[in-house]
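Biologist: Could you walk me through part of this model and tell me what lies behind the words you use for it?

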Amino acid sequence: MIIILKQGITPEEKNNVKSVLKENGFIVKEIKGEQDTVLGAVGVARMDPRMIEIMPGVSSVVPISKPYKLASRELKKEDTIVSVGRVKIGGNRIAVIAGPCAVESCDQIMRIAEKVREAGAVVLRGGAYKPRTSPYSFQGLGEEGLKLLRKAGDTFDMPVTTEVVSPRDVEIMKDYIDMFQIGARNMQNFELLKEVGKTGMPVLLKRGLSATIEEWLMAAEYLMASGTDQVVLCERGIRTYEKATRNTLDCSAIPVVQKLTHLPVIGDPSHATGIRDMVSPMALALVAGGASGIMVEVHDHPELALSDGPQSLYPEQFERLMRDIEALAPVVGKAVERMPRLVPSTIMDASAEENDEDASRTIAFQGERGAFSELAVRRVFSEEEKVLPCKEFKDVFDAVASGKAVYGVVPIENTLGGTVFDNYDLLKMEENITVVGEVQVRIIHNLIVNPGVALADVRKVYSHPQGLAQCREFLDKELPDAERIPFFDTAGAVSYLKETGARDAAAIAGSPAAMYNGMEIIRQGIETNARNYTRFFVISREENAATFKSRAHVNRAAVTFNVADRPGSLFQVLDILQKHGMNMKKLESRPILGKPWEYSFFVETELADEDELECLIPMLKESTTSFRVLGTYTAAH
């Protein structure tokens with residue numbers, strides 16, 4: 001059962017509820033959501049729910065209908081984010097796990113770990129114990145393999161995962177690895193599930209060869225009931241009548257499972273297909289289907305591999321796959337997980353400490369909770385970091401400049417609406433603020449109402465003017481008579497509907513705004529043009545820039561400059577960039593305040609490295625009346 005607690009419940013009242021449940025034989029899990037705190041109570045015991053419902057501090061009691069109680073989305077509406085070392089799996093991320101099928105030697109695992117790390121993998125895999133169909137096949141190096149895997153993980157700063165095949169190995173393995181892996185053949189080895197669950201460590205649970213989705217989730221329930229809530233599900237193909245591939249990859253299971261459980265689900269195209277050339281297209285199919293990650297096998301000499309060589313990608317194939325995943329990620333509304341995900345709490349400066357002890361964990365954005373700008377924040381920063389909603393763009397810059405927030409995220413360009421000039425102007429004005437990163441978000445608009453309101457009830461539609469304009473076709477067709485009311489923010493429009501409880505109105509906004517406010521989406525993807533993306537800049541003070549940019553190779557620069565009022569002055573600047581092989585990606589002009597008909601220029605250009613720009617700065621300053629680098633960063637894919 002699910003016990004929904006009142007918002008004003010005291011610690012004593014909460015402990016009393018937990019005590020009564022435990023005394024009656026229930027396992028109790030406390031889950032804190034955006035709006036409510038709930039207790040999940042599961043077990044074989046039976047009791048009248050009314051006994052709990054009448055207790056002080058309890059709002060209501062709801063039965064869980066699914067046989068998998070702890071894994072069910074009935075218990076927990078928000079997605080679970082599984083932490084494997086510093087890597088996060090779930091939510092809006094795509095985490096890539098890669099490495100050889102088996103650890104064969106120190107030299108082999110070190111070579112491959114370095115290559116997959118450079119390409120973008122965030123977790124290293126490698127088998128130390130190998131359950132094989134034939135008793136005469138290579139069975140793994142055992143504890144020696146665990147030591148080598150741990151050494152490679154530590155050397156290249158990656159958490160590691162490997163398969164556990166026997167309950168007796170659990171104790172020795174937990175000191176070497178960051179995540180257990182339960183293989184397909186052991187999915188219903190219940191004694192093994194219990195022992196692994198007791199450790200409380202993250203577990204990657206593969207779907208059995210002939211397992212139904214419910215059986216798969218029941219196996220996850222064993223792990224969770226035994227003590228761990230950090231479970232990642234892995235679709236790795238099921239056995240069917242088809243013989244063209246090793247197994248049949250059930251891509252449809254990804255969205256099905258995501259509706260049934262809050263646990264993240266990833267895919268393993270290597271074991272599903274068993275054929276190297278099919279791994280990359282099937283990996284992309286899994287990502288397109290909504291998977292929170294993939295796990296692939298990589299070997300630099302697969303023809304010599306002691307296990308599963310024919311399905312292992314060459315390192316160069318894996319590198320191309322990573323680039324393809326990065327290109328696909330924004331289309332499905334996700335971002336590729338990096339190592340490490342930026343955690344601002346590792347950064348502290350004196351001014352932030354003076355202003356607010358939590359400032360080093362705060363990211364500022366413009367809009368209300370659930371806005372597209374907050375979605376951009378979560379593409380870059382960990383869910384643990386606090387956010388500071390700001391009313392105006394200038395408030396974001398002020399929060400970063402004053403130390404109230406360590407970073408800010410601001411929109412800079414939309415594929416339909418064009419450039420956000422206000423933020424260009426603010427970047428130029430705030431001399432201590434620099435651009436350190438970039439992220440893209442696909443803008444998917446939804447029609448959002450108070451629960452129970454139908455489309456036929458809607459007489460008014462609230463949204464930001466751009467939101468209304470971008471959904472004109474839908475509104476003209478489905479709600480031609482509804483009044484269209486401009487609002488300062490898409491998420492703010494949803495909050496307004498919630499506050500007023502309007503039964504004749506709807507808002508146009510993103511799905512996070514609906515989820516955060518507990519509202520209902522009655523139409524999804526109503527934008528006229530689906531190719532609607534917004535590009536955001538991550539900004540910070542100069543002293544915090546290096547920490548952010550250390551996560552990835554810097555390949556883009558943003559600069560602003562003024563030129564003299566004479567023929568060819570702009571061309572002279574652009575010619576310097578061209579002669580030094582710097583490919584200009586954007587050029588904007590802005591009027592100079594107080595100087596009618598005079599303009600400053602904003603340029604974004606590709607960059608091989610930061611030293612290249614440093615060498616050009618003296619020449620650029622000579623050809624301009626003023627010149628400033630607004631930031632160097634990694635371009636979004």
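**Helices, strands and the terms for them**

Modeller: Gladly! Let's begin with a helix pair: Arg 276, Asp 277, Ser 280, Ala 283, Leu 284, Val 287 and Ala 288 in H10 meet Gln 317, Leu 321, Asp 324, Ile 325 and Leu 328 in H11. Please keep in mind that this is a predicted model.

Biologist: What makes H10 roughly parallel to H11?

Modeller: The axes of H10 (residues 276–288) and H11 (residues 315–328) cross at roughly 20° and come within 10 Å. Angles under 35 degrees count as roughly parallel, so H10 is roughly parallel to H11. As for handedness, H10 passes H11 in a right-handed crossing.

Biologist: Why do you give an angle and a distance for packed helices?

Modeller: Because two packed helices are described by the angle between their axes and the distance between the axes.

Biologist: Now the strands, please. Why is E12 called mostly covered?

Modeller: Strand E12 spans residues 231–235, and five of its five residues are buried. Buried stands for under 20% relative accessible area. Val 231, Leu 233 and Glu 235 point one way from the strand, Val 232 and Cys 234 point the other way, and all are buried.

Biologist: How do you know that E11 pairs with E12?

Modeller: Pairing takes at least two bridges, and four bridges join E11 (residues 203–206) to E12, so the two strands pair. They run parallel, with Leu 204 opposite Val 232 in E12. E11, helix H7 (residues 213–226) and E12 make a right-handed β-α-β unit.

Biologist: And what makes E12 and E13 a pair?

Modeller: Three bridges join E12 to E13 (residues 265–267), against the required at least two, so E12 and E13 pair as well. These strands run parallel, and Glu 235 stands opposite Gly 267 in E13. From E12 the chain crosses through helix H8 (residues 253–260) to E13, in a right-handed β-α-β crossover.

Biologist: Why does Ala 253 count as buried?

Modeller: Ala 253, which is found in helix H8, has 2% relative accessibility. The cut-off is under 20%, so Ala 253 counts as buried.

Biologist: Which residues does Ala 253 touch, leaving out those up to four places away in sequence?

Modeller: Ala 253 touches Arg 207, Ile 213 and Glu 235. Of these, Glu 235 is one of the buried residues of E12.

Biologist: And how far is Ala 253 from Ile 617?

Modeller: From C-alpha to C-alpha they are 54 Å apart in space, and they are 364 residues apart in sequence.

Technical notes. Residues are numbered from 1 along each chain as its sequence is written. This is a predicted model: local features need pLDDT of at least 70, side-chain atom pairs count only at pLDDT 80 or more; totals for chains, interfaces and linings use all residues. Side-chain values use heavy atoms; hydrogens and water are left out. Buried means under 20% relative accessible area, exposed over 50%, partly exposed in between (1.4 Å probe, protein chains only). A crossover is right-handed if, with the strands pointing away from the viewer, the path from the first strand over the helix to the second runs clockwise. Contact means heavy atoms within 4.5 Å. Axes are lines fitted to C-alpha atoms, for helices over the stretch in contact, and angles run from 0 to 180 degrees between N-to-C directions. Angles under 35 degrees count as roughly parallel, over 145 as roughly antiparallel, 65 to 115 as roughly perpendicular and the rest as oblique. A crossing is left-handed if the near helix is turned anticlockwise from the far one by less than a right angle, and right-handed if clockwise.
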